[in-house]
Amino acid sequence: MNSRTLARRSTAAGGVLALVATALLGAAPIAHADPAVPAPGAARAAADYPAPTHGDTIDFFDDAYDALGPDSVFETVTFERFEYLLKKPTGKFAFVVGGPEDADLQRTIGHIDAVAKAEGIEKVYNFDPNLDGDALSVFDLTGYDLATADNAGKDQFLDLGERLVTSYLGKDAQTPFTLAADATKPDQRVAPTHPYLFVYDASGGETDRIVDALVTPPTDLSSPSATTAYRAEVKRVLTSVTLDVDTQWDFLSSEHNRRHFERYVRNADPAVQAANLRRFGGDIFDAATDLTDGDEDDFRIENITYPELIDVLDSDGDFVILFGGTWCHNTAAIIKQTAQLAREHGVRKVYNFDFSLDSTGNGGTLDKHIRDNAFRTVGGQSLQTRPSFLYGEILERLGNASTQYRITDTEAGSQSVSPVRYYEDGVVPEPATPAVGEKLARKIQVGHLLSYSKGRQVGGQAAPVVDQAIRSSWTNPDGGTFAGNLEYMTEWWYTLGKDAVFDAADPDHLRGSVNVAAAAGQNSLQNQRNFAREAIRDVGDVIAGVSGGYDSEVTASGLPASVAVGQQTPLSAQVAVASDFDGFYSDRTAGPTTAPLTGDRPLGGTVEVFVDATRVAQADLTPGRTAALAGTIPALAAGAHELRVVYSGGQGGLVQATELTQPLDIAANASTVTLAEPSRLSHGTVGRLTAAVTPGATGTVRLVGLPGGDVDGTIVDGTATFAVPAATPAGRYTVTASYGGDATNASSTSAPLDVVVAKALTIVQVASSTVAYGKGGALTVKVVSPAGVAVSGPVTLTGVGVAQTRQLAGGSATFTLPRGLAPAKYSARFTYGGTSDLGASLSQVSYTIAKGVPGRPTATPVKALKAGKAGRLKVSVPTAAGLAKASGRVTVTLSKGAQKRVLRGVLKPNGVVQVATPKLAKGTWKAVVVYGGDASYVSARSAVAKLVVRK
């Protein structure tokens, strides 16, 4: 069995006494007579509750102890809760005794927290004997400025400490919880030393409840070894048993259920007890309805000590505070609903503080109840017996709080004069009489719920109390009036039965002590229930205010979905606003015998209708939460618009503003767009397309479908012109023209149109050329586009020798021709194939190779010429290497004086020929060679050469 299970079981055993008794006695379950009203305790699905995100919380231990951070294992317990844990029949709990004012605890508490977390311990409960967090100790009040008298002043507080020791803590022989033996110390009942950390086993027997303890704090924690040793002692104590957890739910539900049962239900006579259950109701709290999925940690009420309350009041944030204790039947009347409403509105925490520091009550002789005068008469003497300044310090922080009782006679409209009289820090100045230095505080009745924000101001004045569950001066819609303030002092059975209807067949149903035999009593019962219903409604308003207020929702009928373009249109709409705000009120106080008179406060606020940003209608919300709105929708441009129905919120911001939006279509006139067939479009040249639009249309038309993106054209005289970019690639495209509409004309789109963007024109430019055979040549070609498009790619030359292809560079290419081409007139053809965007083109020019010029012919004797003998001459026509050899005829003319001889020959393939010479006379002859030319070479003549003929 885990510790939490044990804690819950022990709590449940105490918390269902009333239900057990009811079952044993055979009493029927409590139910409403009106079948339309759900039975009390009907569960709400956990999924219906929002996440707890509203309202702020404190971490007291983080705030109060330097050695602790957020989320320590510690939880404070009030005196009442400390005693409640000590007297439980079962349960094992760890306690730390002391407070932030204790220097030793300040030094050690961080180590205790670290050990507990390391050991997986969930809770260590902290009881500070100094109930005020300073010096109001239940063990030692030496020097405290309160009177000592029989059962008054200090004695009442010291009696608390004595009760703790004698009833629970002082029975173990091994622990030093002992009463002071020195009779000269009336301000001290317990020795100043006692365990500050101990584990308590409620089932340990009469003299064996403290399982283990640490009494004397360590003197030195400055060294690692000292820290280690101390933490080992802490671990020994905390792990001496398996510890239990007792939650806020365990404590508050058990105690409220127990006290209610003891106050109103329990009776030795079973029949009377059964009747009491019918009259006063059963358990206040029920896990099935008050917990989300059984999660005790989701219980939203936290019982806190006086120092914690001061920490709340001194902290920034928005807080919810419930004043009241388990002893208080008026607190019991609203605490269940407070917890439920906190869950319904997603409020994290409601802090619950009891002005009775031991949760005994508020009787005039109970000095532990701080909401009363510092002085009272004891044994005929006026003595300062009560630390009322603690209450005064609370009310000084709640400066703008409203209360039923007024402070002075000069305050108009309040119920009666009954302030709490106290002194600054509890010190009465000389002369020691009640009137000197006296301060006054408003007296808050309990249970009382309020919301608090420390820094809040209204009109430049501090106003930390944001809202309170209190009836203040009003005039109701039915004309009923109320002056002053009235706190909601009601009962559990009235709040439980607030929606019930009196049933003569079941007259005892949740009637309390009201005699309902006559109509006057029935009126009284109904007025009590109405007063209780108003109280719970006001509690809900306070809590809802912390969460941002009640949601609201607008519904509307009669709003048009569309109107004609450019025309004013009448508007007539019915609007309803829904909200969880109840508004219920009673014109009666609690329990008068007059006939009930109730009503509902209206939400209030206004409803406005806007078309886009223009308000067109406004009306106040009626008490029935409806409004009839009339106005005129102005002439609007065609297209999509928006109707907004805006509720301003009501009840001074308690009901949230909201709005409803609805599209409003302004129907435009039909339009047409027709694309015209274009003239030639070609790449590289800006083209032009036109579209005819409905006459009177304005604006632009968009041409869609070109690869470079959409093109816009402005409508001029019914025509939109589109510039087709020069960069548009050549190709076939399907385009449409879309008109977006204007203030009166609807949008439209043309039928698709196929358009062709032709390739850009190209021109091949080249000049004719003539070169001599054997010289070699070149032809340079340039390809251009008249559109200015850069031309690239290959160009091919044919018709002059072997075909050649060159890549254009900068639009040009040069072809080198071989030197060995035979002389002729060639037709040079240049072909450019084009690209995806450029057309093909060609050009043809002449390329002429003229005959070449050979070298000078020569004639040389094959052998030495001799007179009178025939010989041979070698005739050569030289040509350049690699070229064709000269061919054809050669003529050699020999002359000497008058003598002349002509020799002829035909050149061999090697360009050489031998010709025979006749018999020549001795002497020197002149020789001239003439080459007659051929297909490759022109004719040539040699220089005059001398031939010597010897004897």
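Helix α11 (residues 306-313) packs against helix α13 (residues 389-397) at an angle of about 20 degrees, their axes lying 10 Å apart; axes here are lines fitted to C-alpha atoms, for helices over the stretch in contact, and angles run from 0 to 180 degrees between N-to-C directions. That angle makes α11 roughly parallel to α13, a word that applies to angles under 35 degrees, whereas those over 145 count as roughly antiparallel, 65 to 115 as roughly perpendicular and the rest as oblique. The model is predicted, so that local features need pLDDT of at least 70 and side-chain atom pairs count only at pLDDT 80 or more, while totals for chains, interfaces and linings use all residues. Residues are numbered from 1 along each chain as its sequence is written, and side-chain values use heavy atoms, with hydrogens and water left out. Helices (H or I, at least four residues) and strands (E, at least two) are DSSP runs, numbered from the N terminus.

The contact (heavy atoms within 4.5 Å) is made by Tyr306, Leu309, Ile310 and Leu313 of α11 together with Leu390, Glu393, Ile394 and Arg397 of α13. These residues divide into six nonpolar, no polar and two charged, where Ala, Val, Leu, Ile, Met, Phe, Trp, Tyr, Cys and Pro count as nonpolar, Asp, Glu, Lys and Arg as charged, and the others, Gly among them, as polar.

**Salt bridges**

The structure holds 41 salt bridges, each being a side-chain nitrogen of Lys or Arg within 4 Å of a carboxyl oxygen of Asp or Glu. The table includes three of them.

| Pair | Closest N and O atoms |
|---|---|
| Asp104 and Arg107 | 3.3 Å |
| Arg209 and Glu206 | 3.9 Å |
| Asp358 and Lys368 | 2.9 Å |

Asp358 and Lys368 both lie in the loop between β10 (350-353) and β11 (375-378), so the pair ties together parts that are 10 residues apart in sequence. Asp358 is buried, and so is Lys368; buried means under 20% relative accessible area, exposed over 50% and partly exposed in between, with a 1.4 Å probe and protein chains only. Salt bridges that share partners also join Glu75, Arg81, Lys88, Lys123 and Asp246 into one network.

Asp104 and Arg107 are three residues apart in helix α5 (residues 103-118), and are therefore separated by about one helical turn. Asp104 is partly exposed at 32% relative accessibility, and Arg107 is partly exposed with a relative accessible area of 32%.

**Single residues**

Val73 lies in the loop between α3 (60-64) and β1 (74-76) and counts as buried at 5% relative accessibility. Leaving aside residues up to four places away in sequence, Val73 touches Asp113, Ala116, Lys117, Ile121, Glu122, Lys123 and Val124. Its C-alpha atom is separated by 95 Å from that of Thr831, which is 758 residues apart from Val73 along the chain.

Some backbone values also deserve a look. The peptide bond from Val446 to Gly447 is cis, with omega near 0 degrees, and Gly447 lies in the loop between β16 (439-441) and β17 (448-453). Asp293, a residue other than glycine, has a positive phi near 55 degrees; Asp293 is placed in the loop between α10 (287-290) and β8 (301-303) and counts as exposed at 70% relative accessibility. Leu510 likewise has a positive phi, near 50 degrees, and lies in the loop between α14 (492-496) and α15 (519-546), but Leu510 is buried, with a relative accessible area of 0%.
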